[in-house]
Amino acid sequence: MKLKGQVALITGAATGIGRASARLFAQEGAQVAIADINDKDSKETVRMIQDAGGKAMFIHTDVSAVPQLERMVRTTVDGFGKLTIFFHNAGIAGPGVLETTAEEDYDRCMAINLKAGFFGARFAVPEIRKAGGGSILFTSSGLGLRPSPQSPVYSLTKAGLIMLTRSLAVSLARENIRVNAICPGPVSETPIWQDFVNRVPGTNADEYGRKSLEGRPIARFGTAEEIARAALFLVSPENSYITGVALPVDGGGVAR
Ligand code: NAD
């Protein structure tokens, strides 16, 4: 029970990495609030956690709307009494290459992937402080550490999260609030994957997948559960000396 007594708020936990993390955090004793735009699958995540004997609630949230981020934090604290872990994991693939990127697609990707992390933390930190400390985690990407030829905007948002991680880690360390990021490699089982594929004209899932694995030392896709275990590691109070880290969970892709 690594997270006994903790209250975690996770964005983007309807499916994929967020859902796997929500289930794992609950299994480790945390009460989990799920903030997502996808009602049906979020309710399924809540049901899975409750069926396993855990505590979870769903808060319908469009993370691109700042007032909804404030409400999601307030609703978590109203429901579970406090907040100790904020995990901004919601993300979209966003637009493709420079020449085809429309301003509204740029703005939407920035708002969901990056701005929501900033303002989510803005509202979460006072509550985490009140609880005596805790942890913030962002889902960046291997493409936040290395450039994506297919989507400069996606890479920009994920790199932004890494600098946000470091900035907040430095400013919040004395308050017992640790801030870290995970940088997943390719996880092809989650819904966002098809959007990554669709970003590249003339490709298909097989070809895109093959390219993603080319030269990757561990030459397979990651699973949502493998990423969730790294998330658990970083938010766990037992790993109390780790802050400001952007941890690749990518089969050696960045090291290559
Ligand atoms: P996913 O599609 O299962 O997860 C994305 C989640 O974000 C979904 O639950 C979706 O409903 C939610 N979401 C999207 N827009 C939202 C909004 N406006 N408000 C609230 N919620 C919203 O895919 P995933 O692979 O689990 O992705 C999770 C995170 O991991 C994302 O940030 C993604 O960029 C990142 N990531 C994924 C991969 C991969 O290969 N799958 C690799 C690196 C990083």
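**A parallel sheet and its helices**

Strand β1 (residues 7–11) pairs with strand β2 (residues 31–36) in the parallel sense, over five bridges. Strands are DSSP runs of E with at least two residues, helices are runs of H or I with at least four, and both are numbered from the N terminus. Two strands pair if DSSP finds at least two bridges between them. T11 has A35 of β2 as its bridge partner. This is a predicted model, in which local features need pLDDT of at least 70, side-chain atom pairs count only at pLDDT 80 or more, and totals for chains, interfaces and linings use all residues. Residues are numbered from 1 along each chain as its sequence is written, and side-chain values use heavy atoms, leaving out hydrogens and water.

Now take the whole sheet. Seven strands form it, open and parallel, in the order β3-β2-β1-β4-β5-β6-β7. At the edges, β3 (55–60) and β7 (246–249) each pair on one side only. On average, neighbouring strands are turned by 20 degrees against each other, direction ignored.

Helix α6 (residues 152–172) packs on this sheet. α6 touches β4 (85–88), β5 (134–139), β6 (177–184) and β7, where contact means heavy atoms within 4.5 Å. Its direction makes about 160 degrees with that of β6. Such angles run from 0 to 180 degrees between N-to-C directions of axes fitted to C-alpha atoms, for helices over the stretch in contact.

Turn to helix α3 (residues 66–80). Here L69, M72, V73, T76, V77 and F80 are buried (under 20% relative accessible area; exposed is over 50%, partly exposed in between; 1.4 Å probe, protein chains only). Seen down the axis, these buried residues fall within an arc of 125 degrees, so they line one face of α3. The arc is that of the directions from the helix axis to the C-beta atoms. Their cover includes β1, β2, β3, β4 and α4 (103–130). The face turned away carries exposed P67 and D78. G81 follows α3, with a positive phi near 90 degrees.

How values were computed:
Expected span 1.5 Å × (residues − 1).
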